[in-house]
Amino acid sequence: YSLEGIDGSGKTTQIKEVSGALKELGYNVLELKSPSDTSFGNFIRANVKTLDKPLLRDLFLLDIKNQQRSAEKYDVIIWDRHVDSFYSSNDDMSLDEYKQIYEMLGFPEKTFFLDLDPSLITEQRKEVVHEHVIDSWQQEKRRRYLELEELFPDRIIKLDATSSIPDIRNQIVSEIVKKHELLEKDKTK
């Protein structure tokens, strides 16, 4: 599973909320993010503005692939950004390039897109927004997420990021539990 959205939409908060709720229900949960908290991921983060885009994409891909290898023993893996952020964050990436990336990485079971108008972030959530966040850039990222939601309506679930933290958490947890119950039923057939 992955949580996607523009900067400041509440992904980090929801990862913690959802993970905690699922653990209380007895699930073995792993939280991952892109880029990772490893030295490799920190290198990517520190050099995101200086590396050329093709190299940066390759480093992100490698970082995700490395994390995927360690994730097999968990019931639920929740990513703070995954494959969809490649497309939304790269305004020069074509859908064909995006397809090459998701064919390499695979898709999460479901993607929860925390949809938020970027103007709300610049007005109300200044404390969580990094200095590189520009409203027009966030508008473009949101537009590209909305485009993906239309292309993959069975996988991407759009949630109103202005809803309360518990409401968003409960929607995500409910969807994950429902999906796992269906998987368990299929195993017993």
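User: Taking contact to mean heavy atoms within 4.5 Å, which residues does Ile-157 touch, not counting residues up to four places away in sequence?

Analyst: Ile-157 touches Lys-110, Thr-111, Phe-112, Phe-113 and Glu-175. This is a predicted model, with local features needing pLDDT of at least 70 and side-chain atom pairs pLDDT 80 or more, while totals for chains, interfaces and linings use all residues. Numbering starts from 1 along each chain as its sequence is written, and side-chain values use heavy atoms, leaving out hydrogens and water.

User: Where does Ile-157 lie, and how many residues apart in sequence are Ile-157 and Lys-110?

Analyst: Ile-157 belongs to strand S5, residues 156-160 (strands are DSSP E runs of at least two residues, helices H or I runs of at least four, numbered from the N terminus). Between Ile-157 and Lys-110 there are 47 residues in sequence, yet their C-alpha atoms are 7.3 Å apart in space.

User: On to helices. At what angle do H3 and H5 pack?

Analyst: About 20°, with the axes of H3 (residues 53-69) and H5 (residues 95-105) 11 Å apart. Axes are lines fitted to C-alpha atoms over the stretch in contact, with angles from 0 to 180 degrees between N-to-C directions. H3 and H5 are therefore roughly parallel to each other (under 35 degrees; over 145 is roughly antiparallel, 65 to 115 roughly perpendicular and the rest oblique).

User: Which residues make that contact between H3 and H5?

Analyst: H3 brings Arg-57, Leu-61, Ile-64, Lys-65 and Gln-68, and H5 brings Glu-97, Ile-101, Met-104 and Leu-105. By class, the H3 and H5 contact has five nonpolar, one polar and three charged residues. Here Ala, Val, Leu, Ile, Met, Phe, Trp, Tyr, Cys and Pro count as nonpolar, Asp, Glu, Lys and Arg as charged, and the others, Gly among them, as polar.

User: And how are H2 and H3 arranged: parallel or antiparallel?

Analyst: Their axes come within 10 Å and cross at roughly 155°, so H2 and H3 are roughly antiparallel to each other. Phe-40, Gly-41, Phe-43 and Ile-44 of H2 meet Leu-56, Leu-59, Phe-60, Leu-62 and Asp-63 of H3. That contact of H2 with H3 divides into seven nonpolar, one polar and one charged.

User: Switching to backbone geometry: which residues does a cis peptide bond join?

Analyst: Ser-34 and Pro-35, with omega about 0°. Pro-35 is in the loop between strand S2 (29-33) and helix H2 (39-46).

User: What is the phi of Arg-81, and where is Arg-81 placed?

Analyst: Arg-81 is not a glycine, but its phi is positive, about 75°. You'll find Arg-81 in the loop between S3 and helix H4 (83-88). As background, most residues other than glycine have a negative phi, and most peptide bonds are trans.

Technical notes. Contact means heavy atoms within 4.5 Å.
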